Each structure stands twice: as structure tokens, then as C-alpha cells.
Amino acid sequence: MAGRFTPQQSTRTTVRGGHVPVPSGIPRQAPAPGRARTWVPKWPLDLGLVLGPLRRGPGDPTFRAMPDGSVWRACLTPAGPGTLRVGVRGAEVRGEAWGPGAEWLLEQLPELLGAADDPSAFVPRHRLVALARHRRPGLRLTRTGLVLESLIPSILEQKVTTDEAYRAWRLLVRKYGVAAPGPAPGRMCVMPDAATWRMIPSWEWHRAGVDNKRASTILRAVRVAARLEEAVRMAPAEAQARLEVVPGIGPWTSSEVVQRSHGAADAVTVGDLHLPGIVGFALAGDRDADDSVMLELLEPYAGQRHRAARLILLSGRVPGRRAPRMPVGDIGRL
């Protein structure tokens, strides 16, 4: 959630635009790390705002925001499993990492925290957007350099409630992932590798509440995992095209992925249940806007439409709920 307001409704869309609260000011004595790196960004850094889109629910076993102000991530890197702890003290960022992927994680640390992003290219065209940017100077778009870790949970989020998707991710990662290397907080796990995803039996997908369509899409994706990971070296539009070759992956899913893996400033999410109405309401008072209206309203931000959408979500101007919440299903009980 965005830190300075409470949205009228909590959906996957509003959470995506928001920011994970990261407490500060509580000292913690960290154990000796396997590797460490310090880095000084040239802009104000808000860890929760930059890294918030990477958390898949409050129980995400791969992500943890701690009371001391640090953020922990458990990742499957090209070099193997790794755990990263990021903390900020004054103007200095300190990264500590463990496991075979530690060196890779520390090398990627600046881009993870927005060093590859260029917010100076963004020009607000609406007062609401300008005000949101002024209030959030620490907004930078993360670039993880990892495709599969964003692709699989995005597929799980297709056409289900937030709670259902987060539960499935949590159950599958905890059961089939590996324990996060180093002194990670309790029950943190690295997501399974492609071979392990392929070996998950059908009944375990069912128990996790994942229908056959989403499970089949994930299985098709992990069979070509190496080719999909290569997409991180492509331009975002080319990467989306490669992802969408896999049946079951469409523009909604591919946009959600490149927003995180590439830090794609223009990858606006189309096909979302809530985002068009939120953008339409914020910019034109039209809560019934569809994708075509949303894209028309965002046209002045061409090249920066994803950043504009995030700022709109962070503004807190969202329409009130008119219909009952979508019922939460659990096919694992069937």
C-alpha cells in the first residue's frame, strides 16, 4: 500500500502502484555477511517504494521488510540461489548477500534500486500526477534482471483474486523451493528452478488452488525458461513479444513482467480489471473507462505510461467500490 494514504479498496492493482512500508530507526546487529557492497545513490531512495512491486502479498516467502528498515530478497539468480539484504543508513546503501548467487545480486544492486531508470524524462501533464511525483521523490523503477521470478507469480494472478494468487505462490514456493541461504528471516525460500516446477504433480497445483489453465501456462513457460530469461537483454517491447509466444501469456502478463524485470517505464498494463477505471476516474472523472479510454488519457505520457499509472495509483484518487468483492474460490476443496 502507498504509505501516506489508505485506498478505498484493496486490489492487486492498487497494491501494484503502492509501496511496502519499511520501518526505520530500530537498530539491528547483522551477522557477518558472505559478501557486502556499499553504494551511494544520487537521489533520495525509498526502499519500500522501489522494491514494493516485487512483493507478492504480506506472506511472500521470497520477500521480507524488517523492523530495522531493511528489505530481504531470496532469489534464483543465473549463478544459483541467493539471499540479499538491503539497508539504508543516511545516504549510503549497504547490500549484504549470501549463497551462490551473492556476487550476482550485489552486482545488480544499483539497477535493482533504480539506477537504470531515468525519471527526468517524465513530464507531468496533470496536476494530480505532478503532486504525486512531488510527494514521492524516491520513486524509481526497479530492474531485477530476472524474468521467471516475475512471470510465474504473474501467471498465478491471471483472472483470480489477489488472495488466491498470493496463497498459491506462498504454498508452492514453500513446498518446492529451497531455504534461503544465509541468516535470512524465518521461512524465507528461493523459488523452485524450472526443472522443479515441471515436476510438480497435478494434484499439488489443485491443492494450491491453481486451475489447469494457469498451471499449464506455467509448465509451458518453464519448458523454455532459458529462452525467456534471454529476453532480459532485449528491449521491453521485444521481450514482451517473446513472452507472448507462449500460449496463455498475453499483454497483461507480459507487461507485469517487464515492468519488474526491465524497469520498463512505458509498459502500461492493459486487460486489467481495475486499472482503466482508476486512471479514468483520476484523470477525467470516468470510473467506467475501458482500456481504449485509459490509453487515450495516458497518450501524453507516451514512453512513460507505466510511471504515470504508478503515480496515479500512489495519488490515492481511486473510485469507491460499487459492487461486492469478487468471491474467493478454493478449488483445492473440490
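Predicted model: local features only at pLDDT ≥ 70, side-chain atom pairs only at ≥ 80, totals over all residues.
Residues are numbered from 1 along each chain as its sequence is written, and side-chain values use heavy atoms, with hydrogens and water left out.

**Overall make-up**

- The chain holds 16 helices and seven strands, where helices (H or I, at least four residues) and strands (E, at least two) are DSSP runs numbered from the N terminus.
- Of the 334 residues in the chain, 53% are buried; buried means under 20% relative accessible area, exposed over 50%, and partly exposed in between (1.4 Å probe, protein chains only).
- Contacts (heavy atoms within 4.5 Å) between residues at least 6 apart in sequence join residues at least 24 apart in 70% of cases.

**The sheet**

- Five strands make an open sheet with antiparallel pairing, in the order E1-E5-E4-E3-E2; two strands pair if DSSP finds at least two bridges between them.
- Strand E1 (35-39) and strand E2 (63-65) stand at the edges with a single partner strand each, so one side of each has no neighbour in the sheet.
- From one strand to the next, the twist averages 20 degrees, with axes taken as lines fitted to C-alpha atoms (for helices over the stretch in contact) and angles running from 0 to 180 degrees between N-to-C directions.
- E1 pairs with strand E5 (residues 92-98) over five bridges in the antiparallel sense, and Arg35 has Ala97 in E5 as its bridge partner.
- Strand E4 (residues 80-89) is mostly covered, with seven of its 10 residues buried.
- E4 is joined to strand E3 (residues 71-77) by seven bridges in an antiparallel arrangement, including the one between Thr77 and Gly80.
- E3 and E4 form a hairpin with two residues between them.
- Seven bridges also join E4 to E5, again antiparallel, and Gly87 is partnered there with Arg94.
- The hairpin of E4 and E5 has two residues between the strands, and in it Gly90 takes a positive phi near 70 degrees.

**Nonpolar cores**

- In soluble globular proteins, nonpolar side chains tend to be buried together.
- The largest nonpolar core has 35 residues, and Leu151, Trp197, Trp205, Val210 and Leu243 have the most contacts inside it; such a core is a set of buried Ala, Val, Leu, Ile, Met, Phe, Trp, Tyr and Cys residues joined through side-chain atoms within 4.5 Å.
- Helices that each supply at least two residues of this core include H6, helix H7 (162-176) and helix H13 (251-261).
- A second, separate core has 23 residues, among them Leu47, Leu51, Val71 and Val86.
- Leaving aside residues up to four places away in sequence, Trp197 touches Ile152, Trp169, Leu172, Met191, Pro192, Trp205, Leu219 and Val222.
- Nine of the nine residues of helix H6 (residues 148-156) are buried, so the helix is largely enclosed by the rest of the structure; Leu151 and Ile152 are among them.

**Cysteines**

- The count of disulfides is zero, a disulfide being a pair of cysteine sulfur atoms within 2.5 Å.
- Cys75 is buried with a relative accessible area of 0%, and Cys189 is buried with 9%.
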